[in-house]
Amino acid sequence: MREFLEAFIMVFIGEMGDKSQFLALAFATAYPMRTVLSGVSIGIALNHGLAIIAAVLIAGVFKNVDFLQLIAGYLFLFFGLSALSIDYEEEEDEVVRSKFGPVVTVAVAFFVGELGDKTQLMAMTLAMQSERPALIFCATVSSMILVSCIGILVGKYVGKKIPKVAISYLAGCLFLFFGIAKIYGVVDIEQIAPVRIILFALLLAIAVLFVLVRNQKRLKKRNSRYLYEAYKRVKNCSTPEEEAEIKREIERITGEYFGEKIPFVGNIIKHVEQIHGIDPEIYDDIKKL
């Protein structure tokens, strides 16, 4: 029991305020608590299970973790760019799609994030010194889950106060930061030519800019589709009351999503021609109504 408590407390102290807790917080703002906990448990169990097996069977294989850290860093950059990318068209299907996907996403993020990390190395070290490595495994995993629970609870509270897009950007920035930090911790900056560092920063900036520009295009398309659907309904309405309600909806969409207060008096073409920022494809579809 002493070994369990020692390992539990060491990991708990080491992970409080660490990236794993912030990752749990970021995921908790986007996914249900049970989903995040499931992903965290799977990812940490696999990660620490690998560490324990390595400690017991092939401890020497992971003495040099620079390569693992480097791979983890680049994968975190990928996770960051993925988090920054927002698919507005699929918002309505999110709950259905998230039935399995988010668990795998969270599990992979935690598994990769802890590769070569101090907690994994700590689990390996403790297991090598212990006669009961399974007990060390239970202690380190349960401690990580408790730390993540704290992050999840904070994330759930914060998530109610912050818009979803801001949450996605926050998660993306956290992933990018952790990725850069991991890479920086592995490479010897003094041995790298400045031009390579500049090229890396430039490529990363271009990738982020590309994602943000694509987000704006997707947002424009989604907003335009909302307007298109409203125009379709106004053409097919059957009562004056229904027509008046849809007209108000069109004016609301125009003001809320396009930032323009343009009265709708019944002429679709005349109305849409006054709106700036309509997606070209949707604009053509609207003109065919």
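I started with the second largest pocket, which holds about 240 Å³ of space. A pocket here is an open set of points on a 1 Å grid over the protein atoms alone, with protein on both sides within 12 Å along at least five of seven lines, for a 1.4 Å probe; lining residues have an atom within 4 Å of a point. The volume is the space filled by probe spheres set on the points.

I noted that this is a predicted model: local features need pLDDT of at least 70, side-chain atom pairs need 80 or more, and totals for chains, interfaces and linings use all residues. Residues are numbered from 1 along each chain as its sequence is written, and side-chain values use heavy atoms, without hydrogens or water.

Next I listed the pocket lining. Among its residues are Leu70, Tyr74, Ile180, Arg196 and Phe200. The lining has 10 nonpolar residues, no polar ones and 1 charged.

Then I looked up His48. His48 sits in helix α3 (a DSSP run of H or I, at least four residues). Is His48 buried or exposed? His48 is buried, at 0% relative accessible area (buried is under 20%, exposed over 50%, with a 1.4 Å probe and protein chains only). Its side chain makes a polar contact with the side chain of Thr140 at 2.9 Å (N or O atoms within 3.5 Å, one able to donate a hydrogen and the other to accept it).

Of its 36 residues, Phe27, Val36, Val106, Phe110 and Phe175 touch the most other members. Helix α3 gives the most to this core, with 6 residues.

Definitions and conventions:
A nonpolar core is a set of buried Ala, Val, Leu, Ile, Met, Phe, Trp, Tyr and Cys residues joined through side-chain atoms within 4.5 Å. Helices (H or I, at least four residues) and strands (E, at least two) are DSSP runs, numbered from the N terminus. Ala, Val, Leu, Ile, Met, Phe, Trp, Tyr, Cys and Pro count as nonpolar, Asp, Glu, Lys and Arg as charged, and the others, Gly among them, as polar.
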